[in-house]
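Work through the exercises below with the sequence and the 3D structure open beside you, and try each task before reading its solution.

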Amino acid sequence: MNCPLCAFALSLRPQRKLRCGHVFHEHCVARWLAALDDACPVCKQYDEVPDRVLEHRERQRAAREDANKRKQRRRRAQEREWCNNAA
Ligand SMILES: [Zn+2]
Ligand SMILES: [Zn+2]
């Protein structure tokens, strides 16, 4: 078996098996997980600390909603201004 990340034989280095069952070199998958949100490089299933990932997603979603709301408020304020100018 080869490591899907570096394509060298798994037996050459310490290995690590993710919860989904895919096996990688310890150092290859550690680097991958650090960069890419803890998802398995092969099947994209989450491996570790899903809570941290979910929290991160939730924060991103909230930030997006916030930005949308601010944009809507700005547009409404602008429309009111136009109406006032017309009157
Ligand atoms: Zn590797
Ligand atoms: Zn996997």
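**Exercise 1.** Find where in the chain confidence is lowest and where it is highest.

*Solution.* Confidence is expressed as pLDDT, the predictor's confidence in each residue, from 0 to 100. In the chain, helix H2 (residues 50-86) has the lowest confidence, at a mean of 84, whereas E2 has the highest, at 95. For the chain, the mean pLDDT is 86, and 87% of its residues reach 70 or more. This is a predicted model, in which local features need pLDDT of at least 70 and side-chain atom pairs count only at pLDDT 80 or more, while totals for chains, interfaces and linings use all residues. Residues are numbered from 1 along each chain as its sequence is written, and chains are lettered from A and ligands numbered from 1 in the order in which they are written.

**Exercise 2.** Determine which residues of helix H1 (residues 26-35) are buried, and what they pack against.

*Solution.* A residue is buried if 20 or more other C-beta atoms, placed from the backbone, lie within 10 Å of its own, exposed if 12 or fewer, and partly exposed in between. In H1, Cys28, Val29 and Leu33 are buried. Because they cover an arc (of the directions from the helix axis to the C-beta atoms) of only 120° around the axis, they lie on the same side of H1. Ala30, Ala34 and Ala35, on the other side of H1, are exposed. The buried residues of H1 pack against strand E1 (15-17) and strand E2 (23-25), where contact requires C-beta atoms, placed from the backbone, within 7 Å.

Terms used
Helix = DSSP H or I, 4+ residues; strand = E, 2+ residues; numbered from the N terminus. Contact = placed C-beta atoms within 7 Å.
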